[in-house]
Amino acid sequence: MRSPAPLKGAEMGVVWLLWLASWSAVIGIVPGCPEQCNCKDNLLDCANKQLLEVPKGLPSTFKTFSLSANKITSIKFKDFVDHAQLTSLWLAHNQISDIERGTFAPLVQLRNLDLSNNKIITFPWGDFTNLTSLQMLKINNNEMVSLPKDAFANLKDLRSLRINNNRLATIQEGTFDPLVLLSHLHMYHNPFTCSCKLEWMRDWIAETQIAVPETDSITCEAPELLRGALVAKMPKLECKAPTVGLSSQPNIENTEIYAGFMLTWSVRLKGTPGQT
Ligand SMILES: *[C@@H]1O[C@H](CO)[C@@H](O)[C@H](O)[C@H]1NC(C)=O
């Protein structure tokens with residue numbers, strides 16, 4: 001009878017891995033899980049760990065990545081390049097103010113993104129161009145001062161949007177039009193300027209099928225006269241598009257112009273001051 005051949009290097013490696021895998025399964029360690037985080041099934045949970053930045057070199061197998069309640073102040077372009085598989089990313093309750101452009105662009109499978117309760121003033125909206133699977137976006141309780149009209153242009157799957165508790169003075173008409181599946185829109189507690197530019201919102205709130213909670217907290221911050229008034233009950237303003245009259249003396253249409261020629265332009269602006 002032959003005795004078994006001694007194990008070669010490669011075989012030893014396999015045995016070692018098997019041993020490690022079975023042992024990890026017993027004590028619940030997921031290989032590649034960073035020390036400071038908990039990994040379970042599809043969840044990479046690094047919440048509430050006093051982290052100052054997004055940990056690097058993490059396994060790219062998890063679907064959900066939680067970084068909530070840390071002390072992250074900035075998000076770098078490279079932070080999520082290896083995480084294209086993510087469907088949920090939780091970044092709420094940090095101190096994020098800087099987000100490098102392109103950071104979220106690789107996350108094309110993302111369905112849920114929570115950036116609420118941070119210090120975001122400007123957001124790289126272009127990152128959402130290809131994030132067409134996004135269903136829930138929470139960016140409430142930040143310091144955003146403006147929202148580009150095409151911010152949500154490609155988010156055809158978005159159901160829930162929270163932009164409440166920011167510093168938005170206005171939202172342009174048509175901003176929510178691409179959101180054909182939207183069912184909930186939280187936009188209360190913003191310091192809206194109730195000018196002609198916002199009149200559409202009064203009518204939109206009255207007509208939309210989308211649930212717009214807490215309309216009693218969607219109020220005018222300016223002008224002084226309307227402070228505290230509900231946007232939904234904003235009075236009809238006399239909004240006329242300004243007309244610009246341009247004339248010159250002498251009339252250039254009938255005159256040849258030479259160097260040194262004196263031409264006087266006058267511009268007449270008609271409209272309602274402060275209402276446009
Ligand atoms: C979106 O996808 C297109 C096509 O793959 C690519 O050219 C473009 O750079 C992407 N945009 C962003 C913002 O990632």
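Is Glu 199 buried or exposed? Glu 199 counts as buried, because its relative accessibility is 11% (buried is under 20% relative accessible area, exposed over 50%, partly exposed in between, with a 1.4 Å probe and protein chains only). This is a predicted model: local features need pLDDT of at least 70, side-chain atom pairs count only at pLDDT 80 or more, and totals for chains, interfaces and linings use all residues. Residues are numbered from 1 along each chain as its sequence is written, and side-chain values use heavy atoms, leaving out hydrogens and water.

**Glu 199**
- Glu 199 lies in helix H2 (helices are DSSP runs of H or I, at least four residues, numbered from the N terminus).
- Beyond neighbours within four places in sequence, Glu 199 is in contact with Met 234, Pro 235, Lys 236, Leu 237 and Cys 239 (contact means heavy atoms within 4.5 Å).

**Nonpolar core**
- The largest nonpolar core has 61 residues (buried Ala, Val, Leu, Ile, Met, Phe, Trp, Tyr and Cys joined through side-chain atoms within 4.5 Å).
- Phe 104, Ile 163, Phe 176 and Met 187 touch the most other members.
- Helix H2, residues 199-207, gives the most to this core, with four residues.
- Outside four places in sequence, the contacts of Phe 104 include Phe 80, Leu 89, Phe 123 and Asp 127.

**Ligand**
- Ala 105, Gly 126, Thr 129 and Asn 130 surround the ligand (a heavy atom within 4 Å).
- A ligand oxygen atom is 2.3 Å from an N or O atom in the side chain of Asn 130.
- Alone, the ligand exposes 360 Å², and the protein buries 32% of that (Shrake-Rupley method, 1.4 Å probe).

Note on methods. Helix = DSSP H or I, 4+ residues; strand = E, 2+ residues; numbered from the N terminus. Polar contact = N/O pair within 3.5 Å; in protein donor to acceptor, adjacent residues only side chain to side chain.
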